[in-house]
Amino acid sequence: MPELPEVEVVRRGLERWVAHRTVAEAEVLHPRAVRRHVAGAEDFTHRLKGRRVGVPSRRGKYLWLPLEGTDQSVLAHLGMSGQLLVQPHTAVDEKHLRVRVRFTDALDTELRFVDQRTFGGLSLHENTSEGLPDVIAHIARDPLDPLFDDDAFHRALRRKRTTVKRALLDQSLISGVGNIYADEALWRARVHYERPTETFTRPRSQLLLDHVRDVMNAALAVGGTSFDSLYVDVNGESGYFDRSLDAYGREELPCRRCGTPIRRRPWMNRSSYFCPRCQRAPRAS
């Protein structure tokens, strides 16, 4: 599942290639791609036609395209395999092309939503007073948001009475952090994923937050993390942060800090990767 860095890479590409262009027509090629638009595919395409796309925005893993002159936005949910690609009109259609958006200008490119597994989709929603789609109003700000409140995060973290990795993946507390970057930030902070949140001091939670930001910015610099061909940017290029991972996916490889083999443990239908020496398990109470 794409996390904040991967979605931000796509957002930046859309800002460059799609922002301020007017929709000539939209075509839905698979109804599941707009299943979250409750009024249906015909309504979706009708309401997009003639609208000018504003600057794409993001909160955590959620990406949307504001429609200028309205209080509405197109929310893009990438799911496990969704891709937003900017392609020449003459490019051969992708096998799993689901939605096509053409524009009125003379540029020879169109926006395509491609989704192999059809878990993702596009939908039109009303905006809140803050300018984000109403269906994601409950999502917390992400750590790269200039308005993210570090002190409020620390207080909420201690109130959660849970374990730290669960807290990092709680989108009502902090958005954009998924399994990969949680493991990476916890490794950098030398914190075990099962450490209780009520044990975090203000300096310790700030250190963790700093590492979350560092690892996300490092991933952004190289286009995010791609383990297969399903995550690409708008030009179809893969990211390279998987080459720099310190914990995730490195089971039995030596810890880059102390040399101890990295371990993997089942966790909430996923996996957690950690160094048993650098990230000591908390003592049982």
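Student: Which residues is Thr 45 in contact with, leaving aside its neighbours within four places in sequence?

Tutor: Contact means heavy atoms within 4.5 Å. By that rule, Thr 45 touches Ala 26, Glu 27 and Val 28, leaving aside neighbours within four places in sequence. This is a predicted model, in which local features need pLDDT of at least 70, side-chain atom pairs count only at pLDDT 80 or more, and totals for chains, interfaces and linings use all residues. Residues are numbered from 1 along each chain as its sequence is written, and side-chain values use heavy atoms, with hydrogens and water left out.

Student: Where is Thr 45 placed, and is Thr 45 buried or exposed?

Tutor: Helices are DSSP runs of H or I with at least four residues, strands are runs of E with at least two, and both are numbered from the N terminus. Thr 45 belongs to helix 2 (residues 41-48). Buried means under 20% relative accessible area, exposed over 50%, and partly exposed in between (1.4 Å probe, protein chains only). Thr 45 is buried because its relative accessibility is 18%.

Student: How many of the residues of helix 5 are buried, and what do they pack against?

Tutor: Ten of the eleven residues of helix 5 (residues 179-189) are buried, so this helix is largely enclosed by the rest of the structure. Among them are Tyr 181, Leu 186 and Trp 187. The buried residues pack against helix 1 (4-17), helix 4 (164-168), helix 6 (202-221), strand 9 (263-267) and strand 10 (270-274). After helix 5 comes Arg 190, with a positive phi near 60°.

Student: How do helix 3 and helix 6 pack?

Tutor: Two packed helices are described by the angle between their axes and the distance between the axes. Axes are lines fitted to C-alpha atoms, for helices over the stretch in contact, and angles run from 0 to 180 degrees between N-to-C directions. Helix 3 (residues 150-160) and helix 6 pack at about 115°, with axes 10 Å apart. Residues of helix 3 including Phe 153 and Leu 157 meet a set in helix 6 that includes Leu 209 and Arg 213.

Student: How many disulfides are found in the whole structure?

Tutor: A disulfide is a covalent bond between the sulfur atoms of two cysteines. The criterion here is a pair of cysteine sulfur atoms within 2.5 Å, and the search finds zero. For Cys 255, the closest cysteine sulfur, in Cys 275, is 3.8 Å away, too far for a bond. Cys 258 is also in no disulfide, with the sulfur of Cys 275 at 3.5 Å. Cys 255 is buried at 4% relative accessibility, whereas Cys 258 is partly exposed at 27%.
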